[in-house]
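Student: I have a model open and a list of labels for it. Can we test each label against its cut-off?

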Amino acid sequence: MLKGKKVAVYVTGGIAVYKACDLVRRLIKVGATVRVAMTESATEFVTPLTFQILSKHHVYTDTFDEREGDKVSHIHLADWSDLAVIAPATANTIAKIAYGIGDNFVTTALLATTAPVFIVPAMNEHMLNNAATIRNFQSLENDGHFIMEPDTGFLAEGYEGKGRFPEPEKIVETIQEFLIKKETYLPLKNKKVVITAGGTKERIDPVRYITNDSSGKMGYSLAHAARDLGAEVCLISTSKTLKTPYGVALVSVETAEQMHQAINAEFKEAAIVIMAAAVSDYRPDHVANKKIKKSEQEMTLTLVKNTDILATLGSQKNDQFLIGFAAETHNVEEYAQGKLKKKNADMIVANDVSKPYAGFNKDTNEVTIFMKDEQPIELKVKSKQAIAEEILAVALTKMKK
Ligand SMILES: Cc1cc2nc3c(=O)[nH]c(=O)nc-3n(C[C@H](O)[C@H](O)[C@H](O)COP(=O)(O)O)c2cc1C
């Protein structure tokens, strides 16, 4: 959602300015281009040079420092930005923008911006609860600006209270959510997308299980991409380590059977179902309730077949757009085409997991998309996130409206 976005970060003079450095770094990390403007007070806490190095661009501090001869800098920054973030926002600057005052670079650019304004207040608890500050927050909200709730905790003043600058990671997540609500291209708005991720674990005893190399990364990338298109996303996952994308509902499962039950609960309501998980075909016929002890004998495990979830969903589906994955090491096309027909899927995304840059546990993938009566679509090696976005873009062109 922030990828490719032009973000103007307006830094004002509070003790939390040093945390805004991390915020800038994180915004850049998720793909935003960042320009920074600071008030004179903010420069008392951290020098513009720090933000210049982080954003790789000159930092604006002076309204009358017109170094770009052909542009008026504060108007240029205001027009350039897709989003304005004031972080940290002092009580003073909040009051000024509530009243439309433009007496420094930051407040003047903010007067001129037509971009959505996201405000991260940080101040002493008594300043936060001051009647004037509360009135100013109200005015800014009435003007359509978004104000993020400050955190409660140990304040710089040496006592507990509300007013702390939230963790930069939480700010980035809240910005993403804010942008989703603002965004106009949300083709999956009001639609549910159910995605499975990770390799299932089939217990042998309390400490042993049968599983596979799937990390769940492709499923998580799909959840992220579907969320950015406005979907209500339900992610059914076996992963214990991957971070659930903000705004995505997680259902944690372990076995194929649990995964099947979790999908059944969501299937009816779903517009798209993506089976990105690597589901075990078999499970032990019996799960020992105590650790199996070593003996002198050979040991034989009897495995029974798990339900073929994709095929079952294929036989039950109405308008759901059903996407399956095929992880193969050979004859990829033949298996994928067979799976498409046999399972009544709308799309099979096939990858050759024997390739060093594709499939299980990698951050990149290379896939071919198979659909009934369509030429296969090859997506050459790129990040799993980019592959996820393209899979959904193709699905959107094929789905019934
Ligand atoms: C050490 C110190 C810490 C401060 N921290 C904050 C703060 O966290 N929040 C705030 O609203 N003001 C804080 N102030 C007060 C502002 O710096 C002051 O109101 C200033 O005029 C704000 O200017 P600006 O809004 O143009 O950046 C602090 C001042 C000092 C000296």
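This is a predicted model: local features need pLDDT of at least 70, side-chain atom pairs count only at pLDDT 80 or more; totals for chains, interfaces and linings use all residues.

Student: Why is A393 called partly exposed?

Tutor: Its relative accessible area is 40%. Buried means under 20% and exposed means over 50%. The value for A393 lies in between, so A393 is partly exposed. The residue belongs to helix 13 (residues 384-398).

Student: What makes K3 and E389 a salt bridge?

Tutor: The closest N and O atoms are 3.8 Å apart. The cut-off is within 4 Å, between a side-chain nitrogen of Lys or Arg and a carboxyl oxygen of Asp or Glu. The pair therefore qualifies. K3 sits in the segment before strand 1 (6-11) and E389 in helix 13, 386 residues apart.

Student: How do you know whether K3 is buried or exposed?

Tutor: K3 has 53% relative accessibility. The line for exposed is over 50%, so K3 counts as exposed.

Student: Why is the pair E149 and K162 said to tie parts of the chain together?

Tutor: E149 lies in the loop between strand 5 (146-147) and strand 6 (151-154). K162 is in strand 7 (residues 160-164), so the bridge joins parts 13 residues apart in sequence. The closest N and O atoms of this pair are 2.3 Å apart, which is within the 4 Å limit. E149 is exposed at 51%, while K162 is partly exposed at 25%.

Student: How many salt bridges does the rule give?

Tutor: The count is 20. Bridges with shared partners also join D22, R25 and R26 into one network.

Student: What makes D308 a cap for helix 11?

Tutor: A side-chain oxygen of D308 lies 3.4 Å from the backbone nitrogen of L310. A polar contact needs N or O atoms within 3.5 Å, so this pair passes. D308 caps the N-terminal end of the helix. In helix 11 (residues 309-316), the buried residues are I309, L310, T312, L313 and G314.

Student: Which classes make up the shell around the ligand?

Tutor: The shell has 6 nonpolar, 8 polar and no charged residues.

Key:
Residues are numbered from 1 along each chain as its sequence is written. Side-chain values use heavy atoms; hydrogens and water are left out. Buried means under 20% relative accessible area, exposed over 50%, partly exposed in between (1.4 Å probe, protein chains only). Helices (H or I, at least four residues) and strands (E, at least two) are DSSP runs, numbered from the N terminus. A polar contact is a pair of N or O atoms within 3.5 Å; within protein, one must be able to donate a hydrogen and the other to accept it, and residues adjacent in sequence count only if both atoms are side-chain atoms. Ala, Val, Leu, Ile, Met, Phe, Trp, Tyr, Cys and Pro count as nonpolar, Asp, Glu, Lys and Arg as charged, and the others, Gly among them, as polar.
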